[in-house]
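Open the structure in your viewer and keep the selection tool at hand. We will go from stop to stop, with a note on what to look for at each.

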Amino acid sequence: YGVCREPGGRVVLVRGSALADFPGVWSLPGGGLEHAEHPAHAVVREVTEETGLTVEVAGVRAVVADVVPYPDLGVALHTDRIVFDLAVTGGTLRDEADGTTDLARWLAPHEIAELPLLPFTAELLGVPVTPLPPDAVRRRGPFPPPPADRRQRFGAYGLVTDPAGRVLLTMIADGYPGAGRWHLPGGGTDHGEQPIPALLRELVEESGQLGRVVELVGVDNLHNPAALGPEGRPLDWHGVRVIYRVAVDTPTEPRVTELAGGSTARAGWFTPEQLAGLPLTEVAARVLDRRH
């Protein structure tokens, strides 16, 4: 999702059409990822489709999760939403034709406050969050089952440091993609879990450390069309990972405490000099290269 804001404070919002799960409800423009698509590319594509504006990503604003019950289907849908700040570079605002939105408008803060909003949109724009009525959800069919040979996983990871400037890394265990390489601490979020609590939970499980999140650093995208892991067969794997800077104020000797999963073999603190020559995962190498 994207925030397009004018100097005067107006923001672009779109309204759900009769084809949407929430018809008549307004939200920031955006939508789901295609398989293997980078979130930053997805938001540019989705915003153009829904508004006619061409945009470029200026930064990452927030990452939030929510759970929406679908009583008629007997399921509760967990959605992870990455929200980018966007700069408008061209195009003309127009409505989407035959899509899941039917109106696109520049709206002032006082106008936004009068509209029915998806809760994540209200929260991000500083508007009181008003629960939607139970009948607001109008999905017309069941969710399709995921393809048997594909996986998409959302995770939260950390650039974790201590007061001495050491960096905490975790080694991937045998049987998992990247085995033997040092990785950023973190992992997949559980159903209903926000990314920051998920990261802090993973930090305890993988290393026994208590941390505090300092800032959101960025978003990483991984596509491995033939990832071989504990499933025992190659999978077309798409990982979306948000990266936070995390401080551990009172570091201890790292100890793997996770009772299930087994994807972490060991954990360790490393000085900047010790990082040289370590076998790192690609995301760890990228994040460590720009950590200053």
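This is a predicted model: local features need pLDDT of at least 70, side-chain atom pairs count only at pLDDT 80 or more; totals for chains, interfaces and linings use all residues.

**Stop 1: strands 4 and 5.** Select residues 53-70, which form strand 4, together with residues 75-91, which form strand 5; the two are antiparallel and joined by 16 bridges. Next, pick out Thr54 and look across to strand 5, where Gly90 sits opposite. Then move to the turn: four residues separate the strands of this hairpin, and Gly74 has a positive phi near 70°.

While you have strands on screen, recall that side chains in a regular strand alternate between the two faces of the sheet.

**Stop 2: the loop at Gly165.** Show strand 7 (150-161) and strand 8 (167-172), then select Gly165 in the loop between them. Is Gly165 buried, partly exposed or exposed? Gly165 counts as partly exposed because its relative accessible area is 34%, between the limits of 20% and 50%.

**Stop 3: strands 11 and 12.** Select residues 212-228 (strand 11) and residues 234-247 (strand 12), an antiparallel pair with 13 bridges. Glu215 has Arg245 of strand 12 as its bridge partner. In this hairpin, five residues lie between the strands, and Gly232 adopts a positive phi near 85°.

**Stop 4: the annotated domain.** UniProt, in an unreviewed entry, lists residues 1-131 and 149-292 under "domain: Nudix hydrolase". Colour residues 1-131 by secondary structure: this stretch is 18% helix and 40% strand, and its end C-alpha atoms are 20 Å apart.

Conventions:
Residues are numbered from 1 along each chain as its sequence is written. Side-chain values use heavy atoms; hydrogens and water are left out. Two strands pair if DSSP finds at least two bridges between them. Buried means under 20% relative accessible area, exposed over 50%, partly exposed in between (1.4 Å probe, protein chains only). UniProt positions are given in the numbering used here, feature names are shortened, and annotations may be inferred rather than shown by experiment.
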